[in-house]
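Student: I would like to learn how to read a protein model. Could we go through one step by step?

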Amino acid sequence: MMKHLLLLATFTGIVTGYCGPKAERKFEVLLRPEPRVEIELGDTISLVCAAHGHNMMDPLVYWVKGIGPDLNEEGKRMGPTAVGKSTFYIEKAEKEDIDNYKCVIEDCCSGNKEEITVEILVPEETCQDVYGVGHVVFGATWVFRNWTAAIADCESKGLELALPKNEEENAQLQRDLQASFETHPNAAKFAHENWCWIAATDEETEDTWLAVKDN
C-alpha cells in the first residue's frame, strides 16, 4: 500500500475544449487546507485541496513536499497530478512526514497557479524529553521566526531566549541543539540551515553586542 495516497478526480474531455477566452477564464478554490496542522506521531493526516474552473476545465492539483522552513523553497513534487481535487493522505504519520508542504492549483491553459502552503508539525514539548533528546540545559524550538518574534515566542512559554556567557555554556548550547536536531521531528525541515537566534543584539551599534535582558 502506498504511504502517500492521492485521491484523483476523474478527467474527462480534451484540454483545449475547456479553455475559454482568457478574460473570462478563472478558477475558484473550493477546499483550502489549514496552513498549520499539529499532530502526534502515529496520527492520520488527510488534507484536501480542490478547485473548480469557470469557463475552463477544472484546474490541475498536486502536492509538493519539502518547501523549507520559510515556505519558499522549490520542494519535491509528489505523486500523480489530479484534476479538480487532490487528497494528501497518510494513514499513520512518522517522523519523516513532519515537513512543510504546498498544494499547487494550476490552470493548464495559461499556466496561472495558486500555491497553498501547509506546515505539518508535532507539539514542541520544549522542556520535556518526549522525543528522546535526553537531558539538556538549553531547549530548542523548531519554528521559523525573525529575532523579535523569537523573543516573544519564548516569553509566551515562560522561557527566555538563550545567551551563553562563556565558552563552556556555548559548547553546551551547541551540544543541546545538535541533540534536539537529531531527535525532534520538527527539526528535519531545518536541515539546510545553520543559524539560530540568541538573546543578544547589535541593533544599536554594529558589532557591539548587548544582552536583551539587561544590556
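Tutor: We start with a definition. A residue is called buried when its relative accessible area is under 20%, exposed when it is over 50%, and partly exposed in between. Keep in mind that the model shown here is predicted.

Student: Where is lysine 65 found, and does it count as buried, partly exposed or exposed?

Tutor: Lysine 65 is found in strand β5. Its relative accessibility is 21%, so lysine 65 counts as partly exposed.

Student: What share of the residues of the protein chain counts as buried?

Tutor: The protein chain has 215 residues, and 37% of them count as buried. Asparagine 186 is one that counts as buried, because its relative accessibility is 1%.

Student: Where is asparagine 186 found, and what lies 2.9 Å from a polar atom of its side chain?

Tutor: Asparagine 186 is found in the loop between α2 and β10 (200–201). The backbone oxygen of valine 122 lies 2.9 Å from a polar atom of the side chain of asparagine 186.

Student: Now the secondary structure. How many helices and strands does the protein chain have?

Tutor: The secondary structure comes to two helices and eleven strands. Read from the N terminus on, the order of the elements is β-β-β-β-β-β-β-β-β-α-α-β-β.

Student: How do strands hold together in a sheet, in general?

Tutor: Strands of a sheet pair through backbone hydrogen bonds, and the pairing is either parallel or antiparallel.

Student: In what order do the five strands of the open sheet stand?

Tutor: The order is β3-β9-β8-β5-β6, and the pairing is mixed. The edges are β3 (36–38) and β6 (76–83); each has a single partner strand, so one side of each is left without a neighbour in the sheet. From one strand to the next, the twist averages 20 degrees.

Student: Which pairs make up the pairing, and in what sense do they run?

Tutor: Take β3 and strand β9 (residues 113–121), which pair in the parallel sense over three bridges. Arginine 36 stands opposite glutamate 119 in β9. Next, β8 and β9 run antiparallel and are joined by seven bridges. Cysteine 103 has isoleucine 116 in β9 as its bridge partner.

Student: How many bridges join strand β5 to strand β8, and what is the bridge partner of lysine 65 in β8?

Tutor: Strand β5 (residues 60–65) and strand β8 (residues 100–106) run antiparallel, with six bridges between them. The partner of lysine 65 in β8 is tyrosine 101. Lysine 65 can also be compared with arginine 77, twelve residues apart from it along the chain: their C-alpha atoms are separated by 6.4 Å.

Student: How does strand β4 pair with strand β2 and with strand β7?

Tutor: Strand β2 (residues 26–31) pairs with strand β4 (residues 45–54) in the antiparallel sense over five bridges. Within that pair, valine 29 has alanine 51 in β4 as its bridge partner. Six bridges join β4 to strand β7 (residues 85–90), and these two also run antiparallel. Here leucine 47 stands opposite phenylalanine 88 in β7.

Student: What is the volume of the largest pocket, and which residues are the closest to its centre?

Tutor: The largest pocket has a volume of about 1200 Å³. It is lined by 44 residues, of which Gly139, Ala140, Thr141, Leu177 and Cys196 are the closest to its centre. The elements that give two or more residues to this lining are α1 (147–156) and α2 (167–183). The largest share, nine residues, comes from α2. By class, the lining of the largest pocket divides into 25 nonpolar, twelve polar and seven charged residues.

Student: How much space lies in the second largest pocket, and what lines it?

Tutor: The second largest pocket holds about 330 Å³ of space. Its lining has 15 residues, and the closest to its centre are Glu160, Leu161, Leu163, Ala199 and Lys213. α1 gives the most to this lining, with three residues. The classes here are nine nonpolar, no polar and six charged residues.

Conventions
Residues numbered from 1 in each chain as written. Predicted model: local features only at pLDDT ≥ 70, side-chain atom pairs only at ≥ 80, totals over all residues. Heavy atoms only, no water. 1 Å grid on protein atoms, 1.4 Å probe; cavity = no way out; pocket = protein on both sides within 12 Å on 5 of 7 lines; lining within 4 Å. Points joined across faces, edges and corners; volume = space filled by probe spheres on them. Helix = DSSP H or I, 4+ residues; strand = E, 2+ residues; numbered from the N terminus. Nonpolar A, V, L, I, M, F, W, Y, C, P; charged D, E, K, R; others polar. Pairing = 2+ DSSP bridges. Axes fitted to C-alpha atoms, helices over the stretch in contact; angles between N-to-C directions. Buried < 20%, exposed > 50% of the residue type's maximum accessible area, 1.4 Å probe, protein only. Polar contact = N/O pair within 3.5 Å; in protein donor to acceptor, adjacent residues only side chain to side chain.
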